[in-house]
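Work through the following exercises with the model open beside you, and try each task before reading its solution.

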Amino acid sequence: MGQLPIVAIVGRPNVGKSTLFNRITHSRRSIVGNEPGITRDRIYAEAEWLGKRFELVDTGGMLVGESAEIPAKIVAQARQALDQAALVILVVDGRSELTAPDIELAGLLRRTGKPLVLAVNKIETDAALVSATESYRLGIDRVIPVSAEHGRGVDDLLDCVTALIPEAAETAPAATASEIAVAIIGRPNVGKSTLLNQLTGDERAIVSETPGTTRDAVDTVVERDGAVYRLVDTAGIRRKGKTKLMAEKLSVVMARRHIRLSDIALLLIDATEGLTAPDATIGGYAHEAGKSVIVLVNKWDSVKDRRAASEELRNQAARRLKFLDYAPVLFISAKSGLGMSRVFPEIRKIAQARQRHIPTAELNRFLHSVDLERASTPASRKKKIYYMTQAASAPPRFILFTDKPGPLHFSFERYLVNQLRRKF
């Protein structure tokens with residue numbers, strides 16, 4: 001990501017930054033809605049226009065001088081994007097008059113001395129072009145009317161942006177190493193954003209005591225010991241009845257989508273609260289999607305009697321996470337770094353196991369060595385297995401050839417899966 005020039009999209013809340021970001025990147029990477037302040041962290045994606053590649057970053061709505069915790073942290077995140085950027089796109093709402101935040105932000109951006117392009121958004125018709133002329137008051141030379149929602153003027157904007165990108169950066173090579181996609185999942189306020197920041201060594205995500213701070217999925221690419229990881233901090237998933245705002249509903253949908261797109265899920269649990277029913281539900285999402293899972297018990301440094309707490313957590317896991325009994329459990333503190341040295345090695349170990357392919361001959365030797373009669377299967381549902389083979393990896397998939405059609409009895413399937421895990 002650092003090899004490509006970075007183009008930052010900034011502006012006050014609800015001017016259409018995320019819509020423009022999604023339009024340019026041809027994705028639904030950023031959540032879009034009518035509620036202001038949906039985007040809070042920095043969202044990155046690669047974009048290309050006429051053969052020129054660059055990294056586009058969507059930032060939260062900036063209100064310069066705001067002292068409240070979340071708006072102030074949004075501004076801090078956006079300022080980091082500005083520091084990295086080779087070029088800045090300031091977005092304003094062309095359907096309304098310029099506001100004080102627009103003027104303050106334009107002044108701040110001019111003082112950076114970086115190439116600056118003004119995108120006057122929500123200009124859907126020729127008649128609306130008249131309102132765009134007021135934007136020249138901001139003192140920015142390059143003014144381009146656009147409609148991010150309908151695509152009008154976006155090609156002109158991209159022509160202007162790519163013309164200003166440094167020539168040396170345009171030829172940056174694409175990364176060739178295969179990435180291990182890792183989703184950080186869990187309930188709100190269990191420390192997912194803190195974990196992302198600890199793993200990346202950077203303040204990539206806003207951290208706050210306020211539950212539900214993360215709404216978009218925040219991702220970043222890091223390299224450790226020759227392996228490349230794409231880490232995704234997803235929004236906290238809460239029960240449907242507790243999710244009321246449109247932005248929260250969308251963020252939960254996006255979180256489940258990122259679980260499906262990942263290879264490995266880090267299920268984060270709050271050690272001070274224990275393993276709850278919602279934790280088990282979230283773990284179930286990853287398990288059902290065929291993802292490898294690592295259970296991380298966070299805030300372990302806040303636990304006084306760790307031996308008793310560990311025993312209690314294992315008892316809770318036996319009851320509520322029985323379907324994840326194969327998943328390793330690590331006790332960590334994302335805040336202090338306790339136990340964090342074990343996380344990347346464990347991810348890599350599991351990624352390698354996930355890719356493993358077992359030869360058919362070895363599988364059939366295993367099949368003949370297993371006492372299949374031990375599985376508590378009703379006599380009417382018993383099947384004779386002739387042989388088995390592995391059809392795919394990541395996750396591993398196996399095909400069994402039997403004497404009767406139809407699915408295996410659940411108890412027989414569970415027994416066979418457990419034996420496969422134990423052996424391989």
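**Exercise 1.** In this predicted model, find which residue of E4 Ala-8 stands opposite, and then describe how the two strands E1 and E4 pair.

*Solution.* Begin at Ala-8 and look across to E4, where Val-88 stands opposite. Next, follow both strands along their length: E1 covers residues 6–10 and E4 covers residues 87–93, and they pair in the parallel sense over four bridges. Finally, turn to helix H3 (residues 100–112), which packs on the sheet and touches E1, E4 and strand E5 (116–121); the direction of H3 makes about 170 degrees with that of E4.

**Exercise 2.** Determine the order of the six strands in the open sheet, and explain why one side of E2 and of E6 is left without a neighbour in the sheet.

*Solution.* Reading across the open sheet gives the order E2-E3-E1-E4-E5-E6, with mixed pairing. Strand E2 (43–49) and strand E6 (143–145) stand at the edges and each has a single partner strand, so one side of each lacks a neighbour in the sheet. From one strand to the next, the twist averages 25 degrees.

**Exercise 3.** Describe how strands E13 and E14 are joined.

*Solution.* Strand E13 (residues 385–392) and strand E14 (residues 397–402) run antiparallel and are joined by six bridges, and Met-388 has Leu-400 in E14 as its bridge partner. The two strands form a hairpin with four residues between them, and in the turn Ala-394 has a positive phi of about 55 degrees.

**Exercise 4.** Decide whether Phe-410 counts as buried or exposed.

*Solution.* Locate Phe-410 in helix H13 (residues 410–423). Its relative accessibility is 54%, and exposed means over 50%, so Phe-410 counts as exposed.

Definitions and conventions: Residues numbered from 1 in each chain as written. Predicted model: local features only at pLDDT ≥ 70, side-chain atom pairs only at ≥ 80, totals over all residues. Heavy atoms only, no water. Pairing = 2+ DSSP bridges. Axes fitted to C-alpha atoms, helices over the stretch in contact; angles between N-to-C directions. Contact = heavy atoms within 4.5 Å. Buried < 20%, exposed > 50% of the residue type's maximum accessible area, 1.4 Å probe, protein only.
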